[in-house]
Amino acid sequence: MDLRYGINPQNTRARIEPLPGTDLPLRLLNGQPSYVNLLDALNAWQLVSEAAALFGRPAAASFKHVSPAGAALAGPVDRATAEPYGLDPAAVGPLTSAYLRARDADPKSSYGDLVAVSHEVDLELADLLARVVSDGIVAPGYAPGVLDVLTRKKNGRYLVLEARPGCTPPAVETREVHGMRLVQDVDTAPLTAALLADVRVGALTPAAADDLLLGLAVLRRTQSNSVCYLRDGAALGIGAGQQSRVDCTRLAGAKTDTWWLRRHPAVRALDFRPEVRRQDRINWRIRYLEGDLTPDERTRFAAALCDGDVPDDLGPDERARWAAELDGVAFVSDGCLPFRDNVDHARRHGVTAIAEPGGSLRSAEVEAACAEHGITLVHTGLRLFHH
């Protein structure tokens, strides 16, 4: 399979070379992938197939730059998630619900994503994908008529990949960097409920256990350092690729706050002119919540609203009141929490359960912080760095 180009367009010679004696895990049905498209597809497919196998429910992920912007299992869809796409939340099917919930974690970042779903793509999901900005999809199959819908996207260039669920990867993986070949065993450590048996603080509820286990599957395919906030089978905020773990925690926490604030009545009430596009409405709601509009943005935001007037900011008191209503959030870290500051920040975003490998020099301080905040703490003993 020839690639459109490598990581950057100036890497003009790029291709896939199957390893001797192995089968490709993906089959190209439409479009021409780039190097990064394939990295997204391979990581995303592993995430959703593992999550679906763990829970027996459809799973979806929205990938950008080799990390998930969002990931979720099939489940209930609220109006804030469904209405931007003109959908009735009560009528959304399981596979479409999984993708809507995944994209809703960070819809600004999901613009132009690589979609992965664990089950055969049906016409309902295809119709949704036809109306959003996305670069491609990987799935184990496509129902009759779906390819006709998808291959019309992007003037026929929409990337469609078919995964092979039964394809077993080699036991070792290699990477060549600057003239050196790095070789390691493939990480096959199973993700099971047994990883959550070492409860250090509090008591673990079944709902929290499910969210923590899903978080482990998400972080296994997220660039490290990484943390994930989850609730009800969906990621709310993912912090990826930061050098400082507490920066991951704060970044993902801010995304979680934005996810929650988008459900505030004042944000839902923003009345846009009919000609304003869906993604622009999403982005304006987020910029309004971020609260640091430039003069040019303020002018353009006002022009996008029916009354032509930018509403007042929610204010710190109202933000705090609304934030206090978010609870029951799970938090997972791909590496040990080195200091209690991660716990203190996580609690600000509704966290009531944490899973981390444990074993840091200051684990006792982390446990004390969890006890102080009433947070259940689980040591998994499993580090999930991914690069």
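Reader: How do the residues of the lining of the second largest pocket divide into nonpolar, polar and charged?

Author: The lining divides into 4 nonpolar, 6 polar and 7 charged residues. Here Ala, Val, Leu, Ile, Met, Phe, Trp, Tyr, Cys and Pro count as nonpolar, Asp, Glu, Lys and Arg as charged, and the others, Gly among them, as polar. The model is a predicted one, in which local features need pLDDT of at least 70 and side-chain atom pairs count only at pLDDT 80 or more, while totals for chains, interfaces and linings use all residues. Residues are numbered from 1 along each chain as its sequence is written, and side-chain values use heavy atoms, with hydrogens and water left out.

Reader: What makes a space a pocket, and which residues lie nearest the centre of the second largest pocket?

Author: On a 1 Å grid over the protein atoms alone, a pocket is an open set of points where a 1.4 Å probe fits, with protein on both sides within 12 Å along at least five of seven lines; lining residues have an atom within 4 Å of a point. By that rule 17 residues line the second largest pocket, and R4, S34, N37, D135 and K154 lie nearest its centre. The elements that give two or more residues to this lining are α1 (35-55), β2 (59-64) and β4 (113-117). Of the elements, α1 gives the most, with 3 residues. The space in this pocket is about 300 Å³, where grid points are joined across faces, edges and corners and the volume is the space filled by probe spheres set on the points.

Reader: Why is β4 called largely enclosed?

Author: Buried means under 20% relative accessible area, exposed over 50%, and partly exposed in between (1.4 Å probe, protein chains only). In β4, 5 of the 5 residues are buried, so the strand is largely enclosed by the rest of the structure. D113, V115 and V117 are buried on one side, and L114 and A116 on the other. Helices (H or I, at least four residues) and strands (E, at least two) are DSSP runs, numbered from the N terminus.

Reader: How do you know that β4 pairs with β2 and with β5?

Author: Two strands pair if DSSP finds at least two bridges between them. There are 4 bridges between β2 and β4, which run antiparallel, and 4 bridges between β4 and β5 (residues 134-139), which run parallel. As examples, S62 has V115 as its bridge partner in β4, and L114 stands opposite G136 in β5.

Reader: What puts the buried residues of α13 on the same side of the helix?

Author: In α13 (residues 363-373) the buried residues are S363, V366, E367, A369 and C370. They cover an arc of only 160° around the axis, which puts them on the same side of α13; the arc is that of the directions from the helix axis to the C-beta atoms. The face turned away from this buried side carries the exposed residues A364 and E372. Among the elements that cover the buried residues are β9 (198-201), α12 (341-347), β13 (351-356) and β14 (376-379). Just after α13, G374 takes a positive phi of about 70°.

Reader: Is T258 buried or exposed, and what does it contact?

Author: T258, in helix α7 (residues 245-261), has a relative accessibility of 19% and therefore counts as buried. Contact means heavy atoms within 4.5 Å. Leaving aside neighbours within four places in sequence, T258 is in contact with I286 and L289.

Reader: Why is A69 called buried?

Author: A69 lies in strand β3 (residues 67-73), and its relative accessibility is 11%, so A69 counts as buried. Not counting residues up to four places away in sequence, A69 touches S62, F63, A105, D106, S109, S110 and I238.

Reader: Which of the two, V66 or H178, is buried and which is exposed?

Author: V66, in the loop between β2 and β3, is buried, with a relative accessible area of 15%. H178, in the loop between β7 (172-177) and β8 (180-185), counts as exposed at 83% relative accessibility. V66 has a positive phi of about 65° although it is not a glycine; for H178, likewise not a glycine, the positive phi is about 50°.
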